[in-house]
Amino acid sequence: MTFDRVDVVLEIVKIALIVGLLLNVVPIMVWVERRGSALIQDRLGPNRVGPFGLIQSMADALKFILKEDVIPLQAHKWLYTIAPMFGLIPAMTTIAVVPWGRPFFIPTEIVYGPRVSGVCIIGAAILAILAIVLGGATAKYHRKPNYSKLNFTIGAIVAVSLFLGALALIGIMLGIKTAGAVHLPGGGRLFEPIIADVNVGILLIFALASLGVYGIVTAGWASSNKFSLFGGIRASAQMISYELSLALAAVSALMVAGSLRLTDIVTRQTGYFVLADTVKIPAWNCFSPAMWLSMIVFVVSAFAETNRLPFDFAEAEAELVAGYHTEYSSMKFAMFFMSEYIAMTTMSALVVTLFFGGWDVPWYNEPATVTGFLLSAIAFLAKVSFLLFVFVWVRWTIPRLKYDILMKIGWKVFLPLAVANIVLVAWFIAARWI
Amino acid sequence: MIPTSWFLILSAILFTIGVCGFLTRKNGITMFMCVELMVNAVNLTFLAYARQFHQLHGLIFVFFVMAIAAAEAAVGLAIFISLFHHRETIDVDEANLMRW
Amino acid sequence: MIEFAVFFFFAAIAVIFALVVILHRNTVVGALSLVASFFALAVMYVLLDAPFLAALQVIVYAGAIMVLFLFVIMLLNLQHVSEPATRPIQQFLGYAGSAFFGIALVYYLVKYTVLQLPPGPFLSDARAIGVALFEAYIFPFEMVSILLLAAIVGALLLSARRGVIPSRKDGEEPPARATRGSLATLGMTEEGPLP
């Protein structure tokens, strides 16, 4: 294992990027959930705390930080405190083996000159126009009969900062006098946008996902509250039942790729299926008929694994007070909240990697350059965002399944389907149809 | 590379801790957990030797040991549940109906 | 260099949490410490060039068997059932005997296992294990599947309370619920929560 300082710095940059992305997904998803559910239920949703309620998540975070942290007298203090961490750690570490962009060669040097100053001028012009438009829009908002002073203030602050950004860009442009080049220390290396490209990547995901059960069951027990215990036991029984169909449904994607490594699975999906010698569709696993059954089983099991509706009987608001996180307040509750959304993001990333082609931009062979990498990363983010929206959409459309029905279909429907799917895909591979 | 003897010593320490817990505790579930600890120490020994001699047989054996330990845990805990329902205690000293 | 640091750190974690298992009074804390110990052992397996088995260790042992343990402990409400202290003679003999056994084992291991590692990597990926399982070890593989089936049936039968499928004639009352019914499994009696 030989690595030098540049490798360490690149690794730290990757980790910071992914962890930052995951932690920032939570407030965005809170907003999407509340506005999306309002859209589906034909009501408005939060719209007071910022234009379109965008600052609502920050207000929620502030509330969580400032609330009093109550520990019930009967609770086992140590386990009560570390239970939310048990929930958060698997959710945040499973993303380490998911590839989120195309591997590319770091350029040896960055050239600046007239091109950079051109970019600065265009950027400054765009920012200035945005500032003027935003200032005008919020000013009009100020005159409305039900204006909110907070919205006007926020709009004014953003407009002023955009204008200052435009001025800064013009300053940079004036400062670049001659053309030149900056030599990058890590030039020429292959940058692989995956934190840990492990040989047994997908097994690691299943291993860490099965550790997520402990957060729930410990939280339920340590609260010394019968509703919490009941909710915790139910949730963990559901999670371990659906882990089986999750793993077996993923096996079919692995069989097609012939490897447990997630990068191999994505690389296999970068080709094209050619229909009737004319129509080229990307070779994603969702477009091959043998994988449709496994995709359905995997997505349903992903819903059950993250305890989202229609499988969230364990935290059912109407039935069990709040399930296993009844006794939790302020930051610990926020950590449970966060771990649920981060687990959702990780599951979406996994579904995208296994079935929707990962970072592959459809119909475009991305070159191994910075532009190709950026395009592939944006494609990955777009696919994951679409799946997160599907999570929210399904939550507010389908009613909750009763617990015994949930367990029954987990064991009696999805597990046999997943096993039958393995046999089916194996037959297809043997008959060389895949 | 880490010498094999280090892994064997770690395995010996874990096995000893398992033996100690098994002999000194009366709680049935704790004794069962000490048995699992001993089984895992033996797994570590198998893998250390498998790497030492570059043979896959150690790995396959560990694979089967894990599967069998899972089955044993399920049946053992079922036995404990029925013992608890009859005796209202998990103290294994109380399960002495068949003693002389 | 990094390997040695990782080895010592996770070996320390495994040993410390194993000690917590045998020394702590609370069973749930013991079960969770055993999970931590198994996780540290999985890291050891990675150091031994067996990443497949490391993942299996976490999935099977830490992720399934210990969850089963925790379920049983929590549903039977075992942390409230106080375990009487072991008699001093048993404690003394247990500690002394196991210490003697451990010291002798470590001594002979240190003395007699100075082995040279053969060169080259150890190919233990999923493909090699799969080939071995389905060619040389196919018979034990099938036997283990039958064993697991027997374990499932056995566990169901042993933990059922009054027969598995009580046959009921028409017009007969359904069998009364067990006296220690669902209330007790939640830690509640008719008077209130158990202490």
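## Burial in chain B

A residue counts as buried if 20 or more other C-beta atoms lie within 10 Å of its own. By that criterion, buried residues make up 50% of the 100 residues in chain B, a value that, like everything else in this report, is computed from a predicted model.

## The fold and extent of chain B

Chain B contains three helices and zero strands, and read from the N terminus its elements follow the order α-α-α. Its radius of gyration is 17 Å, well over the 13 Å that the globule rule gives for 100 residues, so chain B is more spread out than a compact globule. Taken along the principal axes, the C-alpha atoms of chain B fill a box of roughly 50 × 25 × 25 Å. When contacts in chain B between residues at least 6 apart in sequence are considered, 48% of them join residues at least 24 apart.

## The fold and extent of chain A

Chain A has 13 helices and six strands. A compact globule with 434 residues would have a radius of gyration near 22 Å, and the 25 Å of chain A agrees with this. The C-alpha trace of chain A spans about 70 × 60 × 50 Å along its principal axes.

Of the 434 residues in chain A, buried residues make up 38%. Among contacts in chain A between residues at least 6 apart in sequence, 81% join residues at least 24 apart.

## Helices H1 and H2 of chain A

Two packed helices are described by the angle between their axes and the distance between the axes. For H1(A) and H2(A), the axes come within 8 Å and cross at roughly 115 degrees, and the crossing is right-handed. On the H1(A) side the contact is made by Pro27(A), Val30(A), Trp31(A) and Arg34(A), while H2(A) contributes Gln56(A), Ser57(A), Met58(A), Asp60(A) and Ala61(A). Sorted by class, the contact of H1(A) with H2(A) has five nonpolar, two polar and two charged residues.

Helix H1 of chain A also holds Met29(A). Met29(A) has 24 other C-beta atoms within 10 Å, and because a residue with 20 or more is classed as buried, Met29(A) is buried. Leaving aside neighbours within four places in sequence, Met29(A) is in contact with Tyr341(A) and Leu388(A). The C-alpha atoms of Met29(A) and Leu184(A), which are 155 residues apart along the chain, are separated by 36 Å.

## Two loop residues with positive phi

Asp42(A) lies in the loop between helix H1 (5–40) and helix H2 (56–66) of chain A, and it has a positive phi of about 60 degrees although it is not a glycine. With 6 other C-beta atoms within 10 Å, Asp42(A) is exposed, because the limit for that class is 12 or fewer.

Trp363(A) is placed in the loop between helix H11 (330–355) and helix H12 (370–395) of chain A. Trp363(A) has a positive phi of about 60 degrees, although it is not a glycine. Trp363(A) is exposed, with 9 other C-beta atoms within 10 Å.

## How the chains meet

Which chains have the most contacts between them? Among the two pairs of chains that touch, the most contacts are between chains B and C. No contact joins chain A and chain B, whose closest C-alpha atoms lie 11 Å apart.

The contact between chains B and C takes 72 residues from chain C and 61 residues from chain B. On the side of chain C that touches chain B, helix H1 (2–23), helix H2 (27–47), helix H3 (51–75), helix H4 (88–112), helix H5 (126–135) and helix H6 (138–159) of chain C each supply at least two residues. H4(C) gives the most to that side, with twelve residues. By class, the side of chain C that touches chain B has 55 nonpolar, 13 polar and four charged residues.

## The contact of chain A with chain C

The contact between chains A and C takes 21 residues from chain A and 21 residues from chain C. Helix H6 (201–210), helix H7 (212–222) and helix H8 (226–257) of chain A each supply at least two residues of the side of chain A that touches chain C, and H8(A) gives the most to that side, with six residues. The residues on this side of chain A divide into 16 nonpolar, four polar and one charged.

Notes:
Residues are numbered from 1 along each chain as its sequence is written. Chains are lettered from A and ligands numbered from 1 in the order in which they are written. This is a predicted model: local features need pLDDT of at least 70, side-chain atom pairs count only at pLDDT 80 or more; totals for chains, interfaces and linings use all residues. Two residues are in contact if their C-beta atoms, placed from the backbone, lie within 7 Å. Helices (H or I, at least four residues) and strands (E, at least two) are DSSP runs, numbered from the N terminus. Ala, Val, Leu, Ile, Met, Phe, Trp, Tyr, Cys and Pro count as nonpolar, Asp, Glu, Lys and Arg as charged, and the others, Gly among them, as polar. Axes are lines fitted to C-alpha atoms, for helices over the stretch in contact, and angles run from 0 to 180 degrees between N-to-C directions. A crossing is left-handed if the near helix is turned anticlockwise from the far one by less than a right angle, and right-handed if clockwise. The radius of gyration is taken over C-alpha atoms; the globule rule is 2.2 Å times the number of residues to the power 0.38.
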